[in-house]
Amino acid sequence: MINQEILSQLESHFSEHIPDFSEVFEILRLDSEQFILMCQESDLKIVINWNDLRKKLPVYISAKLNKDNEYSSLIEDLYDHDFKEFNKGFLFIESCGYHYKRYGEFLLTYQNYFYYKTPKINQFKIGDVEIEIAVPSSLYRLMFNHFTNDDNFVDGWEGLFTLRVVGCDKTDLERTLQQALFLIAKYDPPELVGDYPQIIPFEFEGDNYLWNDSSVDEPESYDFVAFNYTEPIAFYNIGRKLNDPLYFYRVLEYFFIINKKSEIQGLVDNYNQANEIDTFVESITKLYGTRENVLLENLLSNLYDIDSIVYEAYKDGLIQVNDIPTFSQKLYEYRNSIAHGKRDVKLDLNVPKILDPSPNDYHWNAIIQSLAEKVIEQFC
């Protein structure tokens, strides 16, 4: 039995943040056990954590009557993890979006939209799946209303866009979202280099940002020695700008042969003594023809303090044995998995995923960046 007094109080609170709340949502159940809403736009039923909510309601009502802004809105206490717990069968991407049966809505981040406000392509189909790009729906605003608590929420809901999919099964969701991003960028191309449509979580100030580690030791002197090599510095700089591990790896590759400088000097000395040009050419050819995985292990073995980085990889579960040969082999395999796009039984293809991003990517990228810094410091 729905308590009309409580219903009126809830509708009043929710309507402050979702003006069309009473028009879009139908309350199917409101009693001591459950609070169930029906979204009439999408025909989805939503269960809300009523046990927790009903305890807070008198506090909010009292605070509002006393004009106490400390407790200004009840809806701000709804978080996406509450919906995940009480709505089985839903796929929730934290602070990003949801999918249920054949309907979903995800936060779409694209710098173009902040300049032009209106997407050039806002409705299209991929097969039988309907795609729509618009400001967040009332259901999305209900589920993710905690965005409004963040300091970055300056333009309101009208400053955000979501991508909605209708008629898409969960098994086809990743494929559909990836193709949708491709089509958006193709027919509404980015004005800024480096901009591209993404489906990523809302970036909160603080916990949800990926912060760089800014804690560095102060140099002994601010009179720095000029580096001997420019190219690896250029690779490193663009790698930091794009957060691209392949550019960091190119720094390592640059020093594969330079790492062999002492061997090359020995070959030159032998040639000067014996004057055997054929032997010299053959030895140099073998050196340059050494397999890349061997060159990588040779380079890593000569790096100062490499053991601490290897241990970090071991601690993060990237390697099962805490030694340089194992670390080098796994690093080489990871490089191949992101550098090659062909399907090959010999390659473990690393395909970036929207719905299930791999935490290993983050760890490997940080490690390759650290290695790039070390070889620059040691060889430049």
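Predicted model: local features only at pLDDT ≥ 70, side-chain atom pairs only at ≥ 80, totals over all residues.
Which residues are buried in α7? Residues are numbered from 1 along each chain as its sequence is written, and side-chain values use heavy atoms, without hydrogens or water.

**Entry: helix α7**

I took buried as under 20% relative accessible area, exposed as over 50% and partly exposed as in between, with a 1.4 Å probe and protein chains only. In α7 I found Leu-173, Glu-174, Thr-176, Leu-177, Ala-180, Leu-181, Leu-183, Ile-184 and Ala-185 buried. Helices are DSSP runs of H or I with at least four residues, strands are runs of E with at least two, and both are numbered from the N terminus.

I looked up the strand order and read β4-β5-β6-β9-β8-β7, an open sheet of six strands with antiparallel pairing. The edge strands, β4 (91-93) and β7 (123-126), each pair on one side only. Pairing requires at least two DSSP bridges between two strands. β7 and β8 (residues 129-134) are antiparallel and joined by four bridges; Phe-124 has Ile-131 in β8 as its bridge partner.

**Entry: cysteines**

I counted zero disulfides, a disulfide being a pair of cysteine sulfur atoms within 2.5 Å. Cys-39 counts as buried at 1% relative accessibility, and Cys-96 is buried at 2%.
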